[in-house]
Amino acid sequence: MSEPAWPLPWLQEPWSQLLRARKADRLPHAMLFVGPQGVGKRLMSTAFSKSLLCREGAEQACGVCDACVQFENGSHPDFRFLQPDEKTRNFKIEAIRQLGQELSLTSQYGGFRVAILEGVEGLTEGAANALLKTLEEPPKGVLLMLLTPWPGRLMATIRSRCQQVRCPAPDSELAVPWLEQLGVSNAAVALAEAGGAPLLALELCAQTELPQLLRDLLPKVVSGQLGVAAAAKLFESFQARELAAAMLASLESESLQQGEALANGLEIACLGGRRPAQTVFALRDRIIAEHRFDPTGLNQQAALERLMMLVARGR
Ligand SMILES: [Zn+2]
């Protein structure tokens with residue numbers, strides 16, 4: 001399944017709102033993006049950040065200038081992306097304080113300094129108060145974008161200092177073809193299961209479609225019924241990294257189920273064929289190496305083929 005990319009057709013209205021404000025030189029210091037989980041708030045705010053920091057100054061980031069390259073590899077000095085702590089689901093006060101300090105410094109490139117805070121419903125009172133300090137005296141050239149599905153859980157004092165950007169879920173007439181284009185079968189069902197949020201539907205499908213595809217196709221690759229290149233072609237709507245991760249997950253659970261045979265150096269059934277224990281460990285290492293490799297663009301197909309080659313060799 002392909003990764004979704006900006007633009008998302010159903011967020012054209014809020015996107016135009018951002019562009020108008022920018023063009024009129026009336027960007028606020030803080031904006032609150034409100035919309036359901038999986039509607040594309042992160043994608044839109046990230047695209048907007050990138051375009052603000054791009055050297056070309058156009059509506060869409062050029063993607064090739066040094067600022068865009070830095071943005072892509074996560075090293076742009078004037079951009080921060082913050083999420084709540086995974087375990088507590090809350091923002092750490094220190095993280096918010098540090099952000100405030102960083103934003104008060106001058107921009108490295110003399111342009112905007114931008115920060116996205118995703119899941120701001122996870123701001124505790126302490127963290128919210130720390131953020132409020134930055135919102136009350138916003139440093140010049142700073143843009144904060146706060147993202148949440150639940151604005152009601154934010155302190156009113158924070159809400160009132162942010163300009164709201166509504167990001168509604170799309171009509172299914174818009175979302176279903178979009179999902180189909182990205183390789184989702186049963187798009188209408190998937191969308192309904194995700195409560196109408198297309199990106200969530202995509203995520204849920206990636207979690208279930210790939211393992212099923214592996215179960216269907218790998219035995220054919222092992223038996224030689226399906227060639228390596230042809231098999232790679234059938235996986236082309238997925239990233240090689242996704243495929244490697246799904247293969248690892250599958251191998252892991254198969255190894256666990258047949259742990260005793262594996263420990264005794266016997267053959268086990270895994271990734272569509274029967275393999276001696278020795279081969280299983282070597283296979284696992286090779287897939288891990290492919291997973292780390294994470295190729296981009298044109299190299300995707302070659303990486304998919306290498307993964308299929310690993311499977312085929314286990315005959
Ligand atoms: Zn650029």
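This is a predicted model: local features need pLDDT of at least 70, side-chain atom pairs count only at pLDDT 80 or more; totals for chains, interfaces and linings use all residues.
**Entry 1: A197**

Then I left aside the neighbours within four places in sequence and listed the contacts: A197 meets P36, Q37, G38, V39 and A169. I also checked G40, which is 157 residues away from A197 in sequence, yet their C-alpha atoms are 8.5 Å apart in space.

**Entry 2: A115**

My next stop was A115, which I found in strand β3 (residues 113-118). A115 has 22 C-beta neighbours inside 10 Å, so I noted this residue as buried.

Which residues does A115 touch, not counting those up to four places away in sequence? I wrote down R80, L82, L99, L103 and L144. I looked at F79 too: 36 residues separate F79 from A115 along the chain, and 5.6 Å separates their C-alpha atoms.

I then stepped back to the whole chain, which is divided into domain 1 (9-168) and domain 2 (210-313). Between the C-alpha centres of the two domains I read a distance of 39 Å.

Where does the largest nonpolar core lie? I saw that this core has 87 residues, and that L146, L179 and L307 touch the most other members. Helix α9 gives the largest share, ten residues. Domain 1 and domain 2 both contribute residues, so the core lies between them.

Apart from neighbours within four places in sequence, L307 is in contact with A240, L243, A244, M247 and E290.

**Entry 3: α13 and α14**

E290 and L307 turned up again when I compared two helices. How do the axes of α13 (residues 277-293) and α14 (residues 299-313) cross? I found that they come within 10 Å and cross at roughly 175 degrees. Angles over 145 degrees count as roughly antiparallel, so that is how α13 runs relative to α14.

On the α13 side I listed L283, R286, I287, E290 and F293; these meet A303, R306, L307 and L310 in α14. Sorted by class, this contact has six nonpolar and three charged residues, and no polar ones.

Definitions and conventions
Residues are numbered from 1 along each chain as its sequence is written. Axes are lines fitted to C-alpha atoms, for helices over the stretch in contact, and angles run from 0 to 180 degrees between N-to-C directions. Helices (H or I, at least four residues) and strands (E, at least two) are DSSP runs, numbered from the N terminus. Angles under 35 degrees count as roughly parallel, over 145 as roughly antiparallel, 65 to 115 as roughly perpendicular and the rest as oblique. Two residues are in contact if their C-beta atoms, placed from the backbone, lie within 7 Å. Ala, Val, Leu, Ile, Met, Phe, Trp, Tyr, Cys and Pro count as nonpolar, Asp, Glu, Lys and Arg as charged, and the others, Gly among them, as polar. A nonpolar core is a set of buried Ala, Val, Leu, Ile, Met, Phe, Trp, Tyr and Cys residues joined through C-beta atoms within 7 Å. A residue is buried if 20 or more other C-beta atoms lie within 10 Å of its own, exposed if 12 or fewer, and partly exposed in between; C-beta atoms are placed from the backbone. Domain bounds come from an automatic or database domain assignment.
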